[in-house]
Amino acid sequence: MSAAAVKLKLVETHAGPLPPRVAAVAAAEHVRKAEAVPPAPTKPAVVFARWIGRGIAQALPALIVTLVLLLIWELACSGPKASLPAPSKIWMESRDLITQPFFVNGPQDIGLGWRILTSLQRVAIGFGLAAIVGVLMGALVGQSQWAMRGLDPIFQVLRTVPPLAWLPISLAAFRDSAPSAIFVIFITAIWPVIINTAVGIRNIPQDYRNVAAVLRLNHAEFFWRIMIPSAAPYIFTGLRIGIGLSWLAIVAAEMLTGGVGIGFFIWDAWNSSKLSDIVVALIYIGVVGFVLDRIVAALGTLATRGTAAA
Amino acid sequence: MIARVDAKSHTESVTMRPGRAFLNIDHVDKTFARGGVTTEVLKDVNLTIDKGEFISIIGHSGCGKSTLLNLISGLTNVTAGAILLEDREVNAPGPDRAVVFQNHSLLPWLTVYDNIKLAVDKVFSGTKSKVERHDWTMHNLSLVQMEHAKDKRPSEISGGMKQRVGIARALAMEPKVLLMDEPFGALDALTRAKLQESVMEIHSRLGNTAVMITHDVDEAVLLSDRIVMMTNGPAACIGEILKIDLPRPRQRLELVSDPAYIAAREAVLRFLYERHSYVESAA
């Protein structure tokens, strides 16, 4: 503060010309003082401690509520005539599934972790395709008034078709269960990606378009340098909805197409009346779906740093 | 459609004329048509600007100042007439007419350095090497004294700093004409004064041609070689052009009591508030 102030005084009191370097430094200081610099970020250690504290505060109620619900469930299903298994029964019957996700006893007798991975692989392909095609289509629809008018009604109709309704058609078209399952995921996940991307691109501020116009950015440059970063918050909203939907679709699709995935496992367990296994599988699916959602959300936060705060 | 054809034929006749100005705004009309209603914003605007001149355009809001700047930048097209820069018709935006936007328009996902580098890379991709482009980016950052914030994002710096970066980005394109649309309008008075001084200093050093829109009379008198005063819209045109014959470099404090400065200031104020006082319908 004081050094800058002294230099500033120098500039103001000396009517004659200062050595240019001193003047420049003083002027720079002057500017820095006048235009308030945002405060320095807090130390990482402090942030981490605060984060842990907040984590405990948030997790504790969830833990209590879960325990209470398990207790109610145990009481409700403990009678001899209960149609669903109680938690204690599930633990006894399906302990291997819970404790060992990655065992392999035979081609169809494998841990749920392996099944989840198989399903995730399908989702990765289907959702990956949906993300790429969805962003490109969304960019087209968002950028061109004509494409919007032509394609939007079709999108609006098709997106209401339930995932499973696509399955017979895709089975007929692909004549194989594996690509059919992937197609069902693709067609389920693509709509929110298209629609959100289109909205994001329609909302690109005119200022950014003007900047691009003055710089004479070509189409590819405009797409990568302006469109994608500017629409990123919207795109990631679409991707987040899309990954949730594709995880919903995989289970349904696998129930019908068979194979190794988690969906087929549920169907198989139902056919052999292993209700406990189904409950365990449901929990796996829920946890994985939650993690997927968080991963996409985290990627979104990472990718849109700075974009949201213009 | 017919108007466009007119503009074209007009251009050719003008191009033939010898002894032209650097930037020539020649009988420009601009009408906007929206939903069957046509609004005549500019009518018969004529202005010639010499190389190295600093021009301010002043007028009440709604008089079409920004429209005129957009026409020069090429972001919108003229309805009739033509704008010629070095005898070539302006009909699309380009880096030879770099714009400093009122709200800085920095890309928030790029750092200060990358915002300028984007422009430098685009404009000098064929003529400067990678190292030269880096040096040129840094040079322009230093022109506006922003090297220290080069790795910050626009959201992390103040409004005045953002506008500095906006100016640096425009300067980095080495424009033939620097266009500024109320560049200091959104800033507080102290920051504005500092940036005005920066702009004066840069203008005297680089000698670039500049067209600035402002609604600040003092700013116009302090910075300009000529002040273009516009009548109120609709169908606004240039009401009067005032030449400011103050020696450069100009010192704000010395000018306060300078009779020439006071006279110029009074002339602009009289134009704005006596002869063309603000009409509500024009807003």
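Tutor: Start with confidence: pLDDT is the predictor's confidence in each residue, from 0 to 100. You need it here, as this is a predicted model.

Student: What is the mean pLDDT of chain A?

Tutor: The mean is 83, and 85% of the residues of chain A reach 70 or more. Residues 1–37 of chain A, however, have a pLDDT below 50. Beyond near neighbours in sequence, that stretch has 27 contacts in the model. Where pLDDT is low, the predicted coordinates should not be read in detail.

Student: Next, secondary structure. How many helices and strands does chain A have?

Tutor: Chain A has 13 helices and 0 strands.

Student: And how do I read burial?

Tutor: A residue counts as buried when its relative accessible area is under 20%. By that cut-off, 37% of the 310 residues of chain A are buried. The accessible surface of the chain is about 18,000 Å², and carbon and sulfur atoms account for 70% of it.

Student: Can we take one residue? Is A:Ile278 buried or exposed?

Tutor: A:Ile278 lies in helix α13, which covers residues 275–303 of chain A. Its relative accessible area is 12%, so A:Ile278 is buried.

Student: Which residues does A:Ile278 touch, leaving out those up to four places away in sequence?

Tutor: A:Ile278 touches A:Ile266, A:Ala269 and A:Trp270.

Student: How far is A:Ile278 from A:Ser94, in sequence and in space?

Tutor: They are 184 residues apart in sequence, but their C-alpha atoms are 9.5 Å apart in space. For chain A as a whole, take contacts between residues at least 6 apart in sequence: 65% of these join residues at least 24 apart.

Notes: Residues numbered from 1 in each chain as written. Chains lettered and ligands numbered in written order. Predicted model: local features only at pLDDT ≥ 70, side-chain atom pairs only at ≥ 80, totals over all residues. Heavy atoms only, no water. Helix = DSSP H or I, 4+ residues; strand = E, 2+ residues; numbered from the N terminus. Buried < 20%, exposed > 50% of the residue type's maximum accessible area, 1.4 Å probe, protein only. Contact = heavy atoms within 4.5 Å. Areas by Shrake-Rupley, 256 points an atom, 1.4 Å probe, with all protein chains shown as cover.
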